Amino acid sequence: MPLFSTNWWNNRDPAFTSAAGATVAVLFAILAVYKQQKRIAAGQHQPGTKEIPTPKQQYPFFGHLLSLGPMVSQQITKWHNELGSDIIQVNMGIQKWIMLNDPKLAHDIFVTNGAVASSRPFMAFTYMKYAMGGKGVVFTDAGKSWRNTRKAVLTVLAPKMVDKFRDVIEREVDYLVDNLASNSDPIKGLNPVKYLQLASLNLILTTMFGKRAKTIDDELFTHLVKYVEDSVAYGSPANDIGTFVPAMKFLDLFTGSKKRLEGERLLSLRANSFKKLIMEAKNSSEKSFIKTLYEIKDEHDLDDDDIMVTMSDITIAGTDTTSVSLAWALVILVNRPHIQKKMHEELDAFVAEHKRVPTFDDRSSLPYLAAVQRECMRFRNITHFGMSHIADEDIISHGYVIPKGAIVMCNMNGIHMNPNVFENPEEFIPERFMNIKSTMYAAANGRLENRDHYQFGWGRRVCPGIYLSEVEMFAALIQIFASYSVEPPLNEKGEPVYPDDTKAVDSGIVVTPAQYNVRIVKRSTVS
Ligand code: HEM
């Protein structure tokens, strides 16, 4: 669940930019202190270990903050390449960020050293206000409260629990495909994003609360999508610049009370919406994860606020992630009719033999479709850096010292486009995953050599929603391609206009494809 975005730098408050000039002058005056700190840090270098390469382009106090450029992940990958290293250190004001471009390093740090590499960095709003000082699962440090809540979340999102909701998932996917097909204009097609978001949000609503939004105009949908977007924007580091450059805390003088009011509005909105959803779910006759959570709440030492924050976490974490993955899959596949053709052939063969459309349980009979799903996820990342972890102690990995307090992140694009990890990474080749029999859930929770891709993160913090989103995505691919093909819109001359599958927009939550349209066209061979 990629809540950590670097979009904040592009969207920074104008007050930040104008005040920055004046601040630089003041900061130069204490440059001597900074140099002294650097000398101390150098003295901490441990004998027999290698220094983590650091790009040269940094400034006193701001470190590399001012050199990140508009597409941060591209700059980080460029630095990895320039320094010839899969591990680099980027200084973000007073914070050290260790960026990883290689799964072996990431596995060693996040899994082997998971006991001291699974906390989240502290941010004032997300920890103190949003997480009410350590509740919920996403923003809390890896202490007892997180362990209890995470165990409960893993229980409700476990495959055997999700499987009890298969009928609900299949029904939501049917609605999705009906929506896509019936709203697709024969010439212009449609922008599928809102329908994909509706399906993903409904999956959370139906499984968690036994409730659904009917259309993209339903108030429940518009209200919750806005809540998700506002929460992520508000919780971004842009609102907490003092965490990186403490001297910039004075900016709060200009923006502090407005920010506080926005934060309070958001939290009271959350309290009203989620308390109502939870109460209705408890009293409803529909099955829901909330009922299970209340059954196991005492066993996991959870109170009502723990449950409310956790439900908000799951709604934020689970909505735009699955929908954005599907949005990428459609724009990738519309550009690759030869891949669609193979998917159609595999699905047609199954239908001919079994006289029915397959489901997730028939995965082993659909190895090509399963491989396409994985390759779509590898090919376009929905997040630049996953979520950040912090080192609770010094960690020694592959001869490098990750110092206590450093923030450690996986460069998702770098790792998935690393030619030492994936052969011909710039090419879309589903065949590279044909021999993997396990689910993505099992791969992400298993041994390093059995992992397929790394989109779901690592170790003790690995995404707990994998199975739910895997089942939804797979069911959606089956239902769309069993009956339809995804084709480009047509211009006035009736010529196809292929959408660009290389343009990415950092939406602040996740990295989405640039706006596009596709036509959902009934296949002539399907009745
Ligand atoms: C394609 C879909 C998804 C992707 C790519 C994704 C990715 C991620 C990533 C990268 C992390 C951070 C892991 C780390 O810190 O190493 C994460 C955490 C999380 N995800 Fe997902 N996620 C997806 C869907 C979901 C869904 C559907 C749910 C809920 C139903 C969910 C719930 C969570 C939660 C609660 C966390 C926080 C876990 C913790 O901090 O202990 N995610 N996810």
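Which exposed residues does helix H15 carry on the face turned away from its buried side? They are His338, Lys341 and Glu353. I will come back to that helix in a moment. Please keep in mind that what you see above is a predicted model.

First, the overall picture. The protein chain has 527 residues, and 57% of them count as buried. Its secondary structure comes to 19 helices and 10 strands. Among the contacts with a separation of 6 or more, 74% are between residues 24 or more positions apart.

Now helix H15. This helix runs over residues 337-354, which makes 18 residues. From first C-alpha to last, H15 reaches 25 Å, close to the 26 Å expected at 1.5 Å a residue. Its buried residues are Ile339, Gln340, Met343, His344, Glu346, Leu347 and Phe350. Why do we speak of one side here? Because these residues cover an arc of only 165° around the axis, they lie on the same side of H15. What covers the buried residues of H15? The cover includes helix H14 (304-334), helix H16 (367-379), helix H19 and strand E7 (484-487). After H15 comes Lys355, with a positive phi near 60°.

H14, one of those covering helices, also holds Thr315. Thr315 has a relative accessible area of 1%, so this residue is buried. Setting aside neighbours within four places in sequence, Thr315 is in contact with Leu201, Ile204, Val228 and Phe274.

Another helix to look at is H13, residues 289-296. Here 6 of the 8 residues are buried, so H13 is largely enclosed by the rest of the structure. The buried ones are Phe289, Ile290, Thr292, Leu293, Tyr294 and Ile296.

Next, the iron site. Which protein residue is the donor to the iron atom of the ligand? The single donor from the protein is Cys463, through SG, 2.3 Å away. Cys463 is placed in the loop between helix H18 (440-444) and helix H19 (466-483). Is this cysteine buried or exposed? The cut-off for buried is under 20% relative accessible area. Cys463 has 19% relative accessibility, and therefore counts as buried. UniProt, in an unreviewed entry, places the feature "binding site" at Cys463.

On to the strands. In E1, both faces are covered. Ile87, Gln89 and Asn91 are buried on one side, and Ile88, Val90 and Met92 are buried on the other.

How does E1 pair with strand E2, residues 95-100? The pairing is antiparallel, over 6 bridges. Met92 has Gln95 of E2 as its bridge partner. The hairpin of E1 and E2 has 2 residues between the strands, and Gly93 in that hairpin takes a positive phi near 60°.

These strands belong to an open sheet of 4 strands in the order E1-E2-E6-E3, with mixed pairing. E1 and strand E3 (389-390) stand at the edges with a single partner strand each, so one side of each has no neighbour in the sheet. To put the two points on E1 together: this strand is at an edge of the sheet, and its two faces are both covered.

Last, Thr512, which is found in strand E9 (residues 511-513). At 19% relative accessibility, Thr512 counts as buried. Which residues does Thr512 touch, not counting those up to four places away in sequence? They are Val324, Trp328, Lys503, Ala504, Val505 and Ser507. The C-alpha atom of Thr512 is also 8.5 Å from that of Thr383, with the two residues 129 apart along the chain.

That is the tour.

Definitions and conventions: Residues are numbered from 1 along each chain as its sequence is written. This is a predicted model: local features need pLDDT of at least 70, side-chain atom pairs count only at pLDDT 80 or more; totals for chains, interfaces and linings use all residues. Side-chain values use heavy atoms; hydrogens and water are left out. UniProt positions are given in the numbering used here, feature names are shortened, and annotations may be inferred rather than shown by experiment. Buried means under 20% relative accessible area, exposed over 50%, partly exposed in between (1.4 Å probe, protein chains only). Donors are N, O and S atoms within 2.8 Å of the metal (3.2 Å for Na, K and Ca); water is not among the atoms, so sites may look incomplete. The expected span of a helix is 1.5 Å times one less than its number of residues. The arc is that of the directions from the helix axis to the C-beta atoms. Contact means heavy atoms within 4.5 Å. Two strands pair if DSSP finds at least two bridges between them.
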